[in-house]
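Hi,

Here is the structure I promised to pass on. Have a look first, and then read my notes below.

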Amino acid sequence: MAALARDVAVPVAIDDVLRGVTDAVLELIPGAEYAGLLLLGRGGKYETLVPTDDLMYQLDEMQIRTGEGPCVEAAIDDLIVRTDDFECELRWPEYSKLVVKVGIRSALSFKLYTAQRNAGALNVFSTQVKAFDPEAEAIGSVLAAHAAAAIVASRQEEQLQSALSSRDLIGQAKGIIMERYNVDAVRAFEMLRELSQSGNVKLVDIAKQVIDTRGV
């Protein structure tokens, strides 16, 4: 747990951090045989991340196709979703029939706290009936919190880099306008903003256009 916390605190590739989480699931949760993360982004797009086995892609695809299952339910609604035996599971009849055919009998899914516009779940599967207990739920909850923290930190870093890049582009565009039209920095920024508002185009995109056409 301490090693995972350090990974979140220091600059480590997000995939490496999340893979550490799913590897820890198999190591720390008795009965866990498969693990992965399922993220739901904008427009209802699902994405499977760092699966411990390729079977996770198939299990997630089944849920997306049927629109039901523990991972989808945890990602959108419940905090923890557990099933002790898919063969007797009535909540997701279509999905349960499909996973039993590939040998899966138990599952645990944990909601990831990422952002309001994004949802996700840490998912654990087993070929054993009643593989998971309350202790497994407690361990999984902590691991899910680590995964969520890593995802949030990664997105904040991406947003910061994007903001810095946008600032640099706008600064370059201002310099070009100041030189071309012999105006000061304030007026150059106003001109960029006027172009942005009149054309209903993002300010950074206007800045890119100015930079791309500076030699024209």
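Throughout, helices (H or I, at least four residues) and strands (E, at least two) are DSSP runs, numbered from the N terminus. This is a predicted model, where local features need pLDDT of at least 70 and side-chain atom pairs count only at pLDDT 80 or more, while totals for chains, interfaces and linings use all residues. Residues are numbered from 1 along each chain as its sequence is written, and side-chain values use heavy atoms, leaving out hydrogens and water.

First, the overall picture. The chain has eight helices and five strands, and from the N terminus their order is α-α-β-β-α-α-β-α-β-β-α-α-α. Of its 216 residues, 42% are buried (buried means under 20% relative accessible area, exposed over 50%, partly exposed in between, with a 1.4 Å probe and protein chains only). If you take the contacts with a separation of 6 or more, 59% of them are between residues 24 or more positions apart (a contact means heavy atoms within 4.5 Å).

Now to the strands. S3 (residues 80–83) and S4 (residues 106–111) pair in the antiparallel sense, over four bridges (two strands pair if DSSP finds at least two bridges between them). Across that pairing, Ile 80 stands opposite Phe 110, and Val 81 stands opposite Ser 109. In a regular strand the side chains alternate between the two faces of the sheet. S3 has Val 81 and Thr 83 on a covered face, with Ile 80 and Arg 82 on an uncovered one. How many of the six residues of S4 are buried? Six of the six are, so S4 is largely enclosed by the rest of the structure. Both of its faces are covered, with Ser 106, Leu 108 and Phe 110 on one side and Ala 107, Ser 109 and Lys 111 on the other.

Next, a helix pair. Two packed helices are described by the angle between their axes and the distance between the axes. For H3 (residues 55–66) and H5 (residues 93–101), the axes come within 9 Å and cross at roughly 155° (axes are lines fitted to C-alpha atoms, for helices over the stretch in contact, and angles run from 0 to 180 degrees between N-to-C directions). H3 and H5 are therefore roughly antiparallel to each other (angles over 145 degrees count as roughly antiparallel, under 35 as roughly parallel, 65 to 115 as roughly perpendicular and the rest as oblique). On the H3 side, the contact is made by Leu 59, Met 62, Gln 63, Arg 65 and Thr 66, and on the H5 side by Glu 94, Tyr 95, Leu 98 and Val 99.

Two loop residues are worth a look. Val 50, in the loop between S2 (46–49) and H3, has a positive phi of about 35° although it is not a glycine. Val 50 counts as buried, at 5% relative accessibility. Asn 182 sits in the loop between H6 (134–181) and H7 (185–199). This residue is not a glycine either, yet Asn 182 has a positive phi of about 55°. Is Asn 182 buried or exposed? Asn 182 counts as exposed, at 70% relative accessibility.

Last, find Ala 207 in H8 (residues 203–212). Ala 207 is buried, with a relative accessible area of 0%. Leaving aside residues up to four places away in sequence, Ala 207 touches Leu 169, Ile 170, Ala 173 and Leu 192.

Cheers
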